[in-house]
Amino acid sequence: MTSSSLGTPPQLRPAKPAARKRRVSVGRLIATYGLSLLVFLLLLGIWEFISRDGLVAVYVLPAPDQVITELWNDWGSVLRSATWVTFQEMFLGFLIAVVLGIGIAVLLHWSKVIRRALYPLLIASQAIPVVVLAPILVIIIGYNISSKLVIVALLCFFPIAINTLDGFRGVDAEYVRMMRTLHGTRWLTFRRIELPSAMPSLFSGMRVAAAFAPVGAVFGEFSGSNDGLGYVMLQAGPELQTARVLAAVLLLTVMAVLLVLAVTLCERLTAPWAHEPRRNT
Amino acid sequence: MKYEMPSARNGRTSGGTCIAVRRVSRWFGDNHVLDELDLEVDLHGRLGIVGASGGGKSTLLSLICGLDEPDSGEVVVQGQSTAAGRLDCCALMPQRDLLMPWRLAIDNAGLALENKGVSRRKARERVAPLFERFGLAGADYLRPAELSGGMRQRVAFLRTLVSDKEVLLLDEPFGALDSITRASMQAWLSSALDAEPRTVVLVTHDVEEALLVCNEVVVMSARPGRVVDRITVSVPKRGSRREIVAEPEFVSLRERAMEALEA
């Protein structure tokens with residue numbers, strides 16, 4: 001047999017290299033986000049118009065520029081330290097939730113007995129509103145950061161655990177069969193097939209959790225604290241400093257968005273295949 | 001393209017029995033999938049199995065490679081009759097290529113080596129020359145998404161081959177390819193197996209494919225699956241695919257297989 005007959009026939013040449021790296025251009029960004037930016041600016045304009053024209057009192061709805069001014073003036077005195085405190089609570093709480101969520105998902109995936117024992121309880125546990133538990137948790141654990149971490153982690157671990165578990169379960173059984181005939185042990189199948197397959201779901205769960213994290217932190221602070229954005233809002237509300245409340249809300253939103261973006265960045269780095277179009281040929 | 005039919009050294013007399021399936025039956029609930037099936041494949045023999053879909057062909061492969069156990073009868077592969085023992089000498093290549101998008105082509109092919117504890121670097125060193133030899137030159141460091149269907153299937157076959165197992169079970173390996181690509185892949189597979197002789201069971205719904213690649217073809221009935229006809233392929237082995245397919249002997253074998261399928 002000549003080696004030439006093993007060569008690549010013309011019709012087997014590589015498919016056109018799929019867009020390996022998508023270029024980020026200004027044009028693309030505008031095409032993608034332009035419309036939502038326009039809607040945002042329009043809403044902002046309406047808001048500014050209503051507040052400026054004196055249709056509503058300043059303490060009911062301050063104009064956007066007043067919120068920004070408030071943010072600027074209070075940053076050094078109140079908001080900076082409050083933001084830092086809340087950031088620590090939500091970020092560390094989120095990290096705990098990630099570890100806990102993945103840990104629980106792996107445990108439930110590996111042991112049928114544990115899954116039978118814990119899965120229904122896990123689902124049921126979500127019927128208990130963590131927000132209502134917050135004051136009790138603060139009493140039990142204390143006024144310090146640990147009670148906030150527990151609240152954030154309780155709120156965030158569930159979507160991570162459930163999505164990761166779904167990711168493990170969704171693994172194509174054919175892969176597992178093939179792996180068994182290729183010297184694959186249970187552990188190797190987990191590491192080389194199930195874990196990478198579950199990555200996209202894991203990150204979906206983390207994105208949902210990231211949006212919950214600031215809510216958890218603020219509720220923790222509402223229930224008892226002496227610093228943090230939740231505390232600032234609690235103080236400013238009754239004093240009718242609505243601009244300050246809104247400034248705190250703005251900061252929270254920015255942090256939530258940054259956390260979601262950080263998760264997306266991690267996904268792009270560790271699971272770049274997750275968002276490329278699938279070929280079924 | 002030159003085409004070489006399975007040569008005589010792969011004939012029945014060569015190296016003793018490698019796979020023996022004896023009076024094997026398998027039920028799934030009330031579904032009688034296999035009925036007292038008997039099969040034998042010699043060492044480095046190539047058995048083609050054709051039959052209607054749902055005829056238990058894939059089930060038979062699962063039984064041979066030890067992913068499943070028969071309800072009655074026995075399956076012996078290289079003297080191993082336990083499921084774990086059979087699993088040690090069989091590698092399965094499914095119809096879908098099942099390449100992992102998170103591994104480069106070369107690392108997909110070297111999967112079995114890495115599973116055995118070989119380092120990724122060593123695995124690549126061993127697999128790289130095979131990419132050259134089997135028409136995948138330059139594709140080593142591409143991701144599966146960048147490969148064409150035929151190339152993906154080649155990588156999947158290499159992955160099965162480098163598992164260093166004697167028995168390769170191919171479950172409709174080219175079923176998802178277009179007919180032009182499939183034709184060249186059949187020639188490719190045939191020559192790849194000449195270069196790296198293994199004991200092969202090829203399940204397919206394509207009679208020509210079975211006759212071109214294998215030296216013995218078994219026709220299976222619809223459920224419950226049993227052997228309807230057993231055809232030894234003895235067609236002159238050289239020439240182009242077009243010439244072989246037009247050979248009177250080939251035509252009569254094809255007619256015979258088609259007839260058995262209709263029965």
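Residues are numbered from 1 along each chain as its sequence is written, while chains are lettered from A and ligands numbered from 1 in the order in which they are written. Because the model is predicted, local features need pLDDT of at least 70 and side-chain atom pairs count only at pLDDT 80 or more, whereas totals for chains, interfaces and linings use all residues.

**The chains**

Helices (H or I, at least four residues) and strands (E, at least two) are DSSP runs, numbered from the N terminus. A residue is buried if 20 or more other C-beta atoms lie within 10 Å of its own, exposed if 12 or fewer, and partly exposed in between, with C-beta atoms placed from the backbone. Two residues are in contact if these C-beta atoms lie within 7 Å. The table uses these terms for both chains.

| Chain | Secondary structure | Buried residues |
|---|---|---|
| Chain A | nine helices, zero strands | 34% of 281 residues |
| Chain B | ten helices, eleven strands | 53% of 263 residues |

Among contacts with a separation of 6 or more, residues 24 or more positions apart account for 77% in chain A and for 70% in chain B. The C-alpha atoms of chain B fill a box of roughly 50 × 45 × 35 Å along the principal axes. Chain B has a radius of gyration of 18 Å, which agrees with the value near 18 Å for a compact globule of 263 residues; the radius is taken over C-alpha atoms, and the globule rule is 2.2 Å times the number of residues to the power 0.38.

**A sheet and a helix in chain B**

Three strands of chain B form an open sheet in the order β3-β2-β5, with antiparallel pairing, where two strands pair if DSSP finds at least two bridges between them. Strands β3 (31-42) and β5 (72-77) of chain B stand at the edges with a single partner strand each, so one side of each has no neighbour in the sheet. From one strand to the next the twist averages 15 degrees. Strand β2 (residues 17-28) of chain B is joined to β3(B) by eight bridges, and Phe28(B) stands opposite Asn31(B) in β3(B).

Helix α1(B) packs on this sheet, touching β2, β3 and β5 of chain B, and its direction makes about 125 degrees with that of β2(B); axes are lines fitted to C-alpha atoms, for helices over the stretch in contact, and angles run from 0 to 180 degrees between N-to-C directions. In this helix (residues 57-65), eight of the nine residues are buried, including Leu60(B), Leu61(B), Leu63(B) and Ile64(B). Just after α1(B), Gly66(B) takes a positive phi of about 85 degrees.
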